[in-house]
Amino acid sequence: MKRFLACLVAVACLMTALAFALAEGEPVDMKVIKCSQRVNIREYPSTNSTIVGKAPLGAVLVGCQKSTKAPDWYAVIYEGVAGYIRGDFLEIVSAAEAPAAEPAPVEEPAPVEEPAPVEEPAPVEEPAPAADIDPFALVSSDDVPEYDPTAVGLDASELEALPEVEAPAEEPAPVEEPAPAEEAAPAEEAEPLENITENIVTANDEVVLDVDTPVGRIIARRVVGGANEYLAVGALDADGNQMWMQETSTSDIGQLTLTTAFMGGIEARPLVMVYNAEKGLCAIDAATGAIRWLLNKDVVNLGAGISYAVGGNGVAYIGGYDGPDPVAIDANGTVLWQSNSGSDDIYWLYDIALTADGIVATYEMGPDGNPVSVVYDYNGNVKGTANE
C-alpha cells in the first residue's frame with residue numbers, strides 16, 4: 001500500500017513538472033470564459049493532445065503561465081490536474097475576482113465557568129468533484145434490469161444457463177445547466193463530434209456508428225492519423241447539442257481495424273460498447289456517458305477487426321479476425337463462455353449472426369481452403385458446419 005501511495009505522489013509531481021516545463025512569464029490568475037459549461041485541459045498545448053481534465057465556466061485558475069512553444073496556450077493547474085488551456089478561453093481576473101485570503105481565526109475568550117465538554121459532531125465530508133473518466137482507465141460493474149432472452153430464439157433449457165441480473169435503482173435524469181448569455185464556444189470545444197454526419201466519410205475518417213436511441217443520437221467516429229488509430233464516441237440531444245463524449249486511441253495501426261463501437265445492453269438501459277484491441281472492451285451508459293465496466297484484454301483477447309452480434313437479452317457474441325472463436329459476454333461484462341470450433345483449419349472469423357438455430361459464425365478459411373460457417377448453440381457448443 002505504501003509503495004502504491006508513493007507511486008501516486010511521484011506521478012502527480014511528474015505531471016505538474018511537465019505541465020509547466022514550457023511556461024514563461026509572471027504567473028497570473030485567470031478565469032474560464034467563452035464555454036457553455038466547461039473547457040478542456042489538455043496534456044500539451046495542442047487540440048490534438050489528450051484531455052486530462054476540465055475546468056468549469058467561471059472557475060478562477062491561480063498562477064497561470066503562458067507557454068513558450070505555443071503562446072496561444074496557458075499552463076494551468078485546476079483541482080490538482082496540470083495541463084494547458086487555450087488563451088481564448090481565459091481572461092485575467094480583476095482584484096475583486098481573485099481568490100481572497102482566508103482571515104486569521106479569532107481566538108474566543110475563555111469561558112467563565114468550565115462546563116462539561118460538548119462533543120462536536122464529525123464534519124460532513126464533501127464529495128470529491130466529478131472527474132472525466134478515461135474509458136480504459138477504470139474497471140467497474142453495474143447491474144442492469146431483467147431482460148427477455150427469447151428475443152434470440154433460446155429454448156427453456158438454454159435459459160437456465162444464463163445469469164439472472166437485478167434491476168438497479170433508476171438514475172435521475174441529468175439537470176441541464178442553462179447556457180450563459182455569452183459568446184458561443186469556439187469550434188475546438190465540440191471537436192471532434194461537431195462535424196460528424198452521414199455525408200462526411202473519407203478513407204481516413206469513418207463514421208462507424210450513427211443511431212438514434214431513446215436517450216439521444218449516438219455517434220462514433222474512427223480517424224486514422226499518422227501511426228495512430230483514434231475513436232471518438234458521443235451523444236447528441238434532439239437539438240444536436242453534445243451531451244457527452246469519450247475518446248480512445250491505439251499506439252499503432254494495422255491492416256485490420258483496432259477500434260470500433262456498437263450498441264449493446266438492453267432496451268431499458270442501452271450501452272455503447274467501445275472496443276480497443278490494445279486495451280479491451282468498455283461499456284458506456286448511453287444516457288450519461290458514465291463508464292459501466294471494462295473487460296480487459298488480459299482477461300479475454302477478442303482480436304482485431306472484430307465481428308459482433310447482440311441479442312435482446314443484452315448478451316454480446318464477439319470474435320475477431322485475428323482472435324478467438326465467438327465469446328459470449330453478458331450486459332454486466334461477465335464472460336459466459338468462449339467457444340471452440342474444434343479445428344485448427346478453421347480460422348479468420350469475419351461475421352456473426354444470431355438465428356433460431358443458433359449462433360452462425362462465418363470464417364474466411366475452412367479445412368478445404370474455402371469459407372465455412374460454424375453453427376454454435378447458445379451455450380457455445382458446436383452444432384455443425386456448412387461450406388459457404
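Is cysteine 35 buried or exposed? At 3% relative accessibility, cysteine 35 counts as buried. The model discussed here is predicted.

## Cysteines

Cysteine 64 is buried as well, with a relative accessible area of 1%. A search of the whole structure turns up zero disulfides. A disulfide is a covalent bond between the sulfur atoms of two cysteines.

## The four-stranded sheet

Four strands make an open sheet in the order S12-S13-S14-S15. Their pairing is antiparallel. Strand S12 (259-266) and strand S15 (291-296) stand at the edges. Each has a single partner strand, so one side of each lacks a neighbour in the sheet. From one strand to the next, the twist averages 20°.

Strand S13 covers residues 269-276 and strand S14 covers residues 280-285. Six bridges join S13 and S14 in the antiparallel sense. Methionine 273 stands opposite alanine 283 in S14.

Arginine 269 pairs with aspartate 285, and their closest N and O atoms are 3.6 Å apart. Arginine 269 lies in S13 and aspartate 285 in S14, so the pair ties together parts 16 residues apart in sequence. Both partners are covered: arginine 269 is buried at 11% relative accessibility, and aspartate 285 is buried with a relative accessible area of 4%.

## The S21-S22 hairpin

Strand S21 (residues 359-365) runs antiparallel to S22, and five bridges join them. Isoleucine 359 stands opposite tyrosine 376 in S22. The two strands form a hairpin with six residues between them. Glycine 369 sits in the turn and has a positive phi of about 85°.

Strand S22 spans residues 372-376 and is mostly covered. Four of its five residues are buried.

Most residues other than glycine have a negative phi. Two residues here depart from that pattern.

Glutamate 79 is not a glycine, yet has a positive phi of about 50°. Glutamate 79 belongs to the loop between strand S5 (73-78) and strand S6 (81-86). At 52% relative accessibility, this glutamate 79 counts as exposed.

Tryptophan 348 has a positive phi of about 65°, although it is not a glycine. Its setting is strand S20 (residues 347-354). Tryptophan 348 is partly exposed, with a relative accessible area of 38%.

## Further salt bridges

How many salt bridges does the structure hold? The structure holds seven. Side chains of opposite charge can pair when their charged atoms come close.

One of the seven joins arginine 222 to glutamate 206, at 3.0 Å from N to O. Arginine 222 lies in strand S9 (residues 216-225) and glutamate 206 in strand S8 (residues 205-213), so the pair ties together parts that are 16 residues apart in sequence. Arginine 222 is buried at 8% relative accessibility, whereas glutamate 206 is partly exposed at 35%. The pair belongs to a network of salt bridges that links Glu206, Arg222 and Glu229.

Aspartate 88 and arginine 86 also meet through their side chains, at 3.1 Å from N to O. Aspartate 88 is partly exposed, with a relative accessible area of 32%. Arginine 86 has a relative accessible area of 18% and is buried.

Terms used. Residues are numbered from 1 along each chain as its sequence is written. This is a predicted model: local features need pLDDT of at least 70, side-chain atom pairs count only at pLDDT 80 or more; totals for chains, interfaces and linings use all residues. Side-chain values use heavy atoms; hydrogens and water are left out. Two strands pair if DSSP finds at least two bridges between them. Axes are lines fitted to C-alpha atoms, for helices over the stretch in contact, and angles run from 0 to 180 degrees between N-to-C directions. A disulfide is a pair of cysteine sulfur atoms within 2.5 Å. Buried means under 20% relative accessible area, exposed over 50%, partly exposed in between (1.4 Å probe, protein chains only). A salt bridge is a side-chain nitrogen of Lys or Arg within 4 Å of a carboxyl oxygen of Asp or Glu.
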